[in-house]
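Have a go at each task before you read its solution.

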Amino acid sequence: IRKANAYKLSNKDIINSKEQVSWIGFRDRYFCAIYKPLFKSEGYFTKIYKNELDFIIEAKNNTENSLDSVLFFGPQDLSLLSSYTYKFEDIMRFSNFGILNSISKIIYNFLHFLYKIVPVWGICIILTAIFVYLIMYPLSINGMKSMKKIQSLQPEITRIREQHKNNPQKLQKETMELYKKYQVNPFGGCLPLLLQMPFFIGVYQVLWRSVAFKNAKFLWIKDLAQPDHLFAFPTSLPFVGEHFNILPILMIIIMIVQQKFSAKNMVITDPAQESSQKIMMFFFPLMIGFVFYNIASGLALYFTTFYLLSSFTQWKISKIT
């Protein structure tokens, strides 16, 4: 049984079960507390008292009144938790979805494997970004090529829409025939993005929750678990706070460049669409930069590196005629 937001309690959290208890654990972003009963139990039940959850274990045939147990208080470190024989490592779950959790653990193990070779967490994060980029490269390049093919057909699609705007069935038929003629999959640009999402989510969870990055230094960054804080402002500023964080600013610049390369791959026939495209070219990077401005610098370092590599892919696609 796993409960997210364990500080929010309701009657749904009242349980009465006859299952044997393996262990009970609570965790936050980096640390955990685990209680492991060494006696046999014949069930457990919970009750809410003054907005606190009481967890009561019923001992089975405990004639000796022995309540031996193991208590663990410490970091969520996979190798440390796995060193015990009580499956404490199961508390390190990055997602409720099995595939996302599996991908996250692969990324986690890869990062720690790199650290054994290059004991600098900042470099390990950059190398992981390169590794994920190379894995995703075939999907990315095919998706971008497919989108460029679709964009090249925009003038013809616009003509068909104008010609059959009062006949939806004819419009759909001729559009699909056009795609078939030029061997274009209308969903070819979206599918690679969907396939990449589990990796993005997995990386985010690992870099956000890994206690190894706490107090880890890299270049000017004093703590990879905190924003990079290049310098402090004389006073707190709206939206950005008290510190100037350079990595989110670099991310914004790189994303704007990437959007410019992406715009070269588009064929826009509607002036209104062209105007909105120019607005999005700046709005989307600014929005992402705002979201990442006060986030952990380890995450910002990863995504800045990844977007830099993605910009190279967009530039490469923009050269293809």
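**Exercise 1. Work out the strand order of the open three-stranded sheet, and find its edges.**

Step 1. The order in this open sheet is S1-S4-S5, and the pairing is antiparallel. Helices (H or I, at least four residues) and strands (E, at least two) are DSSP runs, numbered from the N terminus.

Step 2. S1 (16-17) and S5 are the edge strands, since each pairs on one side only. Two strands pair if DSSP finds at least two bridges between them.

Step 3. Now check each pairing. S1 and S4 are joined antiparallel over two bridges, with Ser17 opposite Tyr44 in S4. S4 (residues 41-49) and S5 (residues 52-59) also run antiparallel, with eight bridges, and here Phe45 faces Ile56 in S5.

Step 4. Look at the turn. The S4-S5 hairpin has two residues between its strands, and Lys50 has a positive phi near 55 degrees.

A word on ground rules: this is a predicted model, so local features need pLDDT of at least 70 and side-chain atom pairs count only at pLDDT 80 or more, while totals for chains, interfaces and linings use all residues. Residues are numbered from 1 along each chain as its sequence is written, and side-chain values use heavy atoms, with hydrogens and water left out.

**Exercise 2. Find the largest nonpolar core and describe what surrounds Tyr302.**

Step 1. A nonpolar core is a set of buried Ala, Val, Leu, Ile, Met, Phe, Trp, Tyr and Cys residues joined through side-chain atoms within 4.5 Å. Buried means under 20% relative accessible area, exposed over 50%, partly exposed in between (1.4 Å probe, protein chains only).

Step 2. The largest core has 45 residues, and Leu111 and Tyr302 have the most contacts inside it.

Step 3. Leaving out residues up to four places away in sequence, Tyr302 touches Ile125, Thr128, Ala129, Val132, Val203 and Leu207 (contact means heavy atoms within 4.5 Å).

Step 4. Another core, of seven residues, lies apart from the largest one; Ile150, Leu153, Ile157 and Leu178 are among its members.

**Exercise 3. Are Asn101, Phe199 and Val291 buried, partly exposed or exposed?**

Step 1. Asn101 sits in helix H2 (residues 98-117). Asn101 counts as buried because its relative accessibility is 7%. Beyond four places in sequence, Asn101 touches Met92, Arg93, Phe94 and Ser95.

Step 2. Phe199 belongs to helix H6 (residues 190-209). Its relative accessibility is 22%, so Phe199 counts as partly exposed. Apart from neighbours within four places, Phe199 contacts Ile103, Ile107, Val132 and Met136. Phe199 and Val132 are 67 residues apart in sequence, yet their C-alpha atoms are 7.8 Å apart.

Step 3. Val291 is in helix H8 (residues 271-292). At 51% relative accessibility, Val291 is therefore exposed.
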